[in-house]
Amino acid sequence: MPKFIFVTGGVVSALGKGIASASIGYLLESRGISVTMLKCDPYLNVDPGTMSPIQHGEVFVTDDGAETDLDLGHYERFIDRELRENNNITTGQIYDTIIKKERRGDYLGGTVQVVPHVTNEIKERIIKLAQDTGVDVVIAEIGGTVGDIESLPFLEAIRQMRLDLGTDDTLFIHLTLVPYIKTAGELKTKPTQHSVRALRDIGIQPDILMCRTERELGLELKQKIALFCNVEIAAVIDARDVDSIYEVPLRFHEDGLDGIVISKLKLEADAVDLSAMETVVERIYNPKHRVKIAVCGKYINLKDAYKSISEAFLHAGAENDARVELAWIDVEDIEREESAGRILAGMDGILVPGGFGERGIEGKIASVGYARQNGVPYFGICLGMHCAVIEYARNVCGLAEAHSTEFAPDTPDPVIALLPELQSVVNMGGTMRLGGYDCRLLAGSRAQEAYAGDVARERHRHRYEYNNKYRELLESKGLVSTGVYAKADLVEMVEIADHPWFVACQFHPEFKSRPGRAHPLFREFVHAALGHSESEREKDEPAEGVRVAG
């Protein structure tokens, strides 16, 4: 049986439990200890698949087709392991399983209760993950904030696991807030004390406290927190604000977090090697170049809706020695302006991301048209590929009413359509193509050059597909199909060969980007945007010998 680390959060939400958990995983992996991660979400949804991105943030898709919490993206990026469906459990899944068992009569007529039935189901899933993966340590993040009603069954389950397994095999880490009160000029520890007291009330004593703060705690404050929260001084970790999430594990190591985790769990560990992450952080903080890229989306009021995209740009920028400045463009603004040029002028690249629903679709299509007509590097992802196909069909192929049946069911030219075998499916989840599929790449294409191979495996989350009835026409006019899922003959990628860089894909490459190993399509897109920036700068510079007034 491996060891278990349970991470809880207190005082307020959005303290960064996901980043903290992922950073612990990174530090242990860096010392030769194998890790897997688990997110326990207390909401009643079975998964976040039907939840609005504006409420919940992005849905992170695993290779086996699970729609999961965005924190799994952080986990994969930090520990560099592909996670699966059983790395995310929700209250909805737990209750769904228990109710099905009750209806079958599995409980032999007994009363079904939170304790022991719900807590046992939670414990069984945690232990099964450990057994299935065979890792040294399972790090389980408990969603929500201590004091929430929703998360109580998960907290009770991990309390019982400490009783079942003992202190050598379980570790409780509590992430809390130490706010700075400007008028008093002090950091205040009282919220942390109250949060730990709330945990104690349900039978959990934290072994380690990670104190989120905007200023250095200092020894005196650490001593105070340790005294009143009943933890060792060395176990009070300074979780200070930093400019990049990739600096977090480096700061945790400086404060001794990995050492105390290893000591408390009696783990055997190698010497730490953080050089790869140090290089990434150095490149993020001190780039030589800058490039401005527009992300033309419909969920921009919550940046977490595009979390993996923004992280992929960080990775790609680091590999291109560039700071990627993202301009978040609301495509409904483009529709109101009725001119993409006024909003997108000066951009070095344009990305149209995925999404669902008709709102803002014409703004996305106009963004594609601006990039195509003005030679600005373009990258389309999922719906961004659909928009590219629609725009090309309308304005190059002469199909003025071309559209997707998602938005215009009666369009005479459905260049994007639902597959015939899915048209009678009622359950929304049942119509999705989810998870990893192999994409065969066209020799000599930008995609094939970027991947440096003939096949790429990428993750999908969509319902509608490129309509092969229009493939011959579109290709004859220059929109080449450069990636295909061969088993079903589905177009996965399109490109315009005589454009500086115009690539669109049906899948979500952002899910596989990693710090220190950027996704090849993001890397090449940023490289193309840098080239565009350089060419535009040269246009603005006066010719040699020309005198500039003033």
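Author: Happy to! A quick term before we start: buried means under 20% relative accessible area. Also keep in mind that this is a predicted model.

Reader: Great. Which residues of helix 7 are buried, then?

Author: They are T192, Q193, S195, V196 and L199.

Reader: And where do they sit, seen down the axis of helix 7?

Author: They fall within an arc of 165°, so the buried residues line one face of helix 7. As background, an α-helix has 3.6 residues a turn, so residues three or four places apart point the same way.

Reader: Nice. What do the buried residues of helix 7 pack against?

Author: Their partners are strand 1 (3-9), strand 7 (170-177), strand 10 (208-213) and helix 8 (218-229).

Reader: What span should helix 7 have, at 1.5 Å a residue?

Author: Helix 7 covers residues 190-201, and its 12 residues should span 16 Å. The end C-alpha atoms are 16 Å apart, which agrees.

Reader: What comes just after helix 7?

Author: There you find G203, with a positive phi of about 95°.

Reader: Switching topic: in what order do the strands of the open sheet run?

Author: The order is 16-17-20, 3 strands with mixed pairing. Strand 16 (402-404) and strand 20 (464-466) are the edges, each pairing on one side only. On average, neighbouring strands of this sheet are turned by 30° against each other, direction ignored.

Reader: How many bridges join strand 17 to strand 20?

Author: There are 3, and strand 17 (residues 413-418) runs antiparallel to strand 20.

Reader: And what stands opposite L418?

Author: That's Y464, in strand 20.

Notes: Residues numbered from 1 in each chain as written. Predicted model: local features only at pLDDT ≥ 70, side-chain atom pairs only at ≥ 80, totals over all residues. Heavy atoms only, no water. Pairing = 2+ DSSP bridges. Helix = DSSP H or I, 4+ residues; strand = E, 2+ residues; numbered from the N terminus. Axes fitted to C-alpha atoms, helices over the stretch in contact; angles between N-to-C directions. Expected span 1.5 Å × (residues − 1). Buried < 20%, exposed > 50% of the residue type's maximum accessible area, 1.4 Å probe, protein only. Arc of directions from axis to C-beta. Contact = heavy atoms within 4.5 Å.
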